[in-house]
Amino acid sequence: MPDLGKYADTVLSAYAASLLLLVALVVLTIWRGRKVRREMETLESRVKRNG
Amino acid sequence: MSIWEYANPKKFLATTEKVMPALWAGSAVLITVGLVWGFFFTPDDYRQGSTVKIIFLHVPSALMAINAWFMMLVTSLVWVIRRHHVSALAARAAAPVGVVMTVIALITGAIWGQPMWGTWWAWDPRLTSFLVLFLFYLGYIALWEAIDNPDTAADLTSILCLVGSVFAVLSRYAVNFWNQGLHQGASLSLDKKENVADAFSNPLYVCMAGFVLLFIALVFYRTGTEIRARRIKALMARERLEA
Amino acid sequence: MIALLLRDLKLALRAGGGFGLGLAFFLIVTVMVPFSVGPQSELLARIAPGVLWLGALLACLLSLDRLLALDWEDGSLDLLATAPLPLESTVTIKALAHWITTGLPLVMAAPVLGVLLNLPAAGFQWLVISLLLGTPALSVIGTFGAALTVGLKRGGLLMSLLVMPLYVPTLIFGSEVARRGAEGMAVQTPLLLLAGISAASIALLPFASAAVLRVNLR
């Protein structure tokens, strides 16, 4: 851990906030992507069976 | 072989699927290396102390916030001119990423500004134009969400994006005129005098490359999601028709 | 074209057309300002140009959703689109009618409200000139926003979100002219820029509005 001096809170909170936002963005993206892909696959198999 | 081949959704999905793992891994490695390098192995600035380390998040996110809008402008133009659906969906997929980048740039800037400028927020031209850019992003996304018919939505949002780009540039000059800035000039320009020192610029380049890769990965992935969501809609409509 | 302009003006003037509502809103907003910031006359004099510009802008914004929505609902917009008149001219006329029924009254009311806010004497002339130059841009940009959201139910709030960022440059230069005028400074630069924005918006935005309207009428 480097010595951040009196600005430790500033630097750490900036890193925490940014990383949190980035991780949230990636997680939400992948979560929705998986959901949509699953839905499409069930729908496609159903359409194939019927038609 | 031309870029327009990727206008075919199937081809786009197949190709992005192949490069996805490399993109995710590349962006993760670059961002980790860049941030670790920047956080642990750079000296403190003689004036800013350790707060200078925030630059490794602030500059790349600001870069991507602007370039995301620029990418949306290009893909909107492609949609308006050549009417490739993938293009319109890519613009839609990029907008939320752009919003998050804008927010990161604003938040890191505010956190940095508090000890350095003595205030969280100042109506400085750069800060203000970023806030305006944020509003443009919100309007763009809201319009996408509000319209049911996907082709209508694509048309309207792309025209909004074109008109909005012109006004965003106008606003940039207007706020420049309206208030003198506190913000420092470009951190990385060809003019050596303005540049940050080499000790900071090398990890910064790594972080910027990482953010670019992350943006590409996210946009590819999200575009794939949008293509599938479109397909779901089409399949359901067909089913209802047959039933 | 003139027939369409007269029709729009008549519709706006008749009962239910909403004429005067914008004006009343402008008055109300201006009256509310001293209640919220306090009655000190020096403070009011300082913020008067900006407040009046913002009030005019909001009044303009709120009257926009009637601009195309009524014609959309009763189907006359479809007729206008199939008429020999190009849609670009139609939206220009619509914007002009909006400006005559909303923008122009706001310009004329502004000096009166300036008195309420203790606007310095030097400021009146520049306030009127800046509003006269700026409100056409507000109408044209607003028409674009109205065209974007015309097909949507409850599009009013969305339209505000879309139009407000587009108003930023006009607002900045417009109130800058009024502020500098009130403080007795040179106004030429912002005045020219404001005129430039107005001219460019009037010349180019009708094409975007017409394109958007065609998509919505499809």
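How much of the chain is helix over residues 96–117 of chain C, and how far apart are the end C-alpha atoms? Select that stretch and take a look: it is 95% helix and 0% strand, with the end C-alpha atoms 29 Å apart. Keep in mind as you click around that this is a predicted model.

Stay in chain C and colour by annotation. An unreviewed UniProt entry labels residues 96–117 of chain C as "transmembrane region", and it gives the same label to residues 12–37, 43–64, 123–148, 155–173 and 193–213. Now pick residues 43–64 of chain C: here the chain is 91% helix and 0% strand, and 32 Å separates the end C-alpha atoms.

Next, show helix 6 (residues 87–116) and helix 9 (residues 188–217) of chain C together. Their axes come within 8 Å and cross at roughly 110 degrees. Angles of 65 to 115 degrees count as roughly perpendicular, so helix 6 of chain C is roughly perpendicular to helix 9 of chain C. The crossing of these two helices is right-handed.

From helix 6 of chain C, select C:L87, C:E88, C:V91 and C:T92; from helix 9 of chain C, select C:P206, C:F207, C:S209, C:A210, C:L213 and C:R214. Colour this contact by class and you get six nonpolar, two polar and two charged residues.

Last stop: hide chain C and bring up chains A and B. Here 23 residues of chain A are in contact with 30 residues of chain B. On the chain A side of that contact, you'll find 13 nonpolar, six polar and four charged residues.

Key: Residues numbered from 1 in each chain as written. Chains lettered and ligands numbered in written order. Predicted model: local features only at pLDDT ≥ 70, side-chain atom pairs only at ≥ 80, totals over all residues. Axes fitted to C-alpha atoms, helices over the stretch in contact; angles between N-to-C directions. Helix = DSSP H or I, 4+ residues; strand = E, 2+ residues; numbered from the N terminus. Parallel < 35°, antiparallel > 145°, perpendicular 65-115°, else oblique. Left-handed = near helix turned anticlockwise from the far one by under 90°. Contact = placed C-beta atoms within 7 Å. Nonpolar A, V, L, I, M, F, W, Y, C, P; charged D, E, K, R; others polar. UniProt positions renumbered as here; feature names shortened; annotations may be inferred.
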